[in-house]
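Thanks for coming. Please have a look at the sequence and the model, and then I will go through them part by part.

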Amino acid sequence: MALLSICTYPDPVLRKKASPVDAVDREIRKLVDDMAETMYGAPGIGLAANQVGKPQQVIVVDLQRPEYEGGLLVLVNPKIIAASGETTYEEGCLSVPEFFSNVKRYSEITVRALDQHSKPVELNASGLLAVVLQHEIDHLEGRLFIDHLGATSKDIFKRKWKRKLKEAKEER
Ligand code: ZN
């Protein structure tokens, strides 16, 4: 396994639509292993392949909380096939470090995908798991959580980010 480097905003790969995976072969399983290691190392609770520079429809999620016993969840070609309700959660993203903001999402979703063994799975998610899955599936569409912000929060983000990029430049 290997730690992959995480692409950060405004890297154009984050805006790419990920392509569907034809076959869950050795290469994909290696990508999954590396993505899982990268997510745990970050640490984070979800990671999409776009974030490691590979626009393919692969996500890994592990909420790493005692009340969630699912462990590592690997979804290939995930599709949201049903969604209902509404919830707001303060989100962050490994590709948009040190910025957090409330995002409104569906509170319950049903996702269809393949697992790491190429087996079709369908799962119902609610609460934090539903939020994280929507966040990661957004990545595969080239969407980021900051795209969901209202005008005021988006302004705050832009100002913070400008300052951050400027500071990074000065440090170099
Ligand atoms: Zn993210």
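**The sheet and the hairpin**

Five strands make up an open sheet, ordered 1-2-3-6-7, with antiparallel pairing. The model is predicted, so to speak of local features a pLDDT of at least 70 is needed, side-chain atom pairs count only at pLDDT 80 or more, and totals for chains, interfaces and linings use all residues. Residues are numbered from 1 along each chain as its sequence is written, and side-chain values use heavy atoms, with hydrogens and water left out.

Two terms before I go on. Helices (H or I, at least four residues) and strands (E, at least two) are DSSP runs, numbered from the N terminus. Two strands pair if DSSP finds at least two bridges between them.

At the edges of the sheet are strand 1 (46-48) and strand 7 (120-126), each of which pairs on one side only. From one strand to the next, the twist averages 40°; axes here are lines fitted to C-alpha atoms, for helices over the stretch in contact, and angles run from 0 to 180 degrees between N-to-C directions. Strand 1 pairs with strand 2 (residues 58-61) over three bridges, in the antiparallel sense. There, Ala-48 stands opposite Ile-59 in strand 2.

Helix 1 (residues 26-41) lies across strand 1, strand 2 and strand 3 (73-84), and runs at about 40° to strand 2.

Strand 4 and strand 5 form a hairpin, with two residues between them. These strands run antiparallel and are joined by six bridges. Tyr-89 stands opposite Val-103 in strand 5, and Glu-90 stands opposite Asn-102 in strand 5.

**The zinc ion**

Which residues coordinate the zinc ion? They are Cys-93 (SG), His-135 (NE2) and His-139 (NE2), at 2.0 to 2.2 Å. Donors are N, O and S atoms within 2.8 Å of the metal (3.2 Å for Na, K and Ca), and water is not among the atoms, so sites may look incomplete. The donor residues are spaced C-x41-H-x3-H in sequence. Distant parts of the chain are linked here: Cys-93 is in strand 4 and His-135 in helix 2, 42 residues apart.

**The largest pocket**

The largest pocket holds about 390 Å³ of space. Its lining has 22 residues, and those closest to its centre are Ile-45, Glu-91, Gly-92, Cys-93 and Leu-94. Strand 4 (87-93), strand 5 (96-105) and helix 2 (127-140) each give two or more residues to the lining.

A pocket is defined on a 1 Å grid over the protein atoms alone, as an open set of points where a 1.4 Å probe fits, with protein on both sides within 12 Å along at least five of seven lines; lining residues have an atom within 4 Å of a point. Grid points are joined across faces, edges and corners, and the volume is the space filled by probe spheres set on the points.

**Backbone details**

A cis peptide bond joins Tyr-9 and Pro-10, with omega about 5°; Pro-10 is in the segment before helix 1. A cis peptide bond also joins Ala-42 and Pro-43, with omega about -10°, and Pro-43 lies in the loop between helix 1 and strand 1.

Conventions: Contact means heavy atoms within 4.5 Å.
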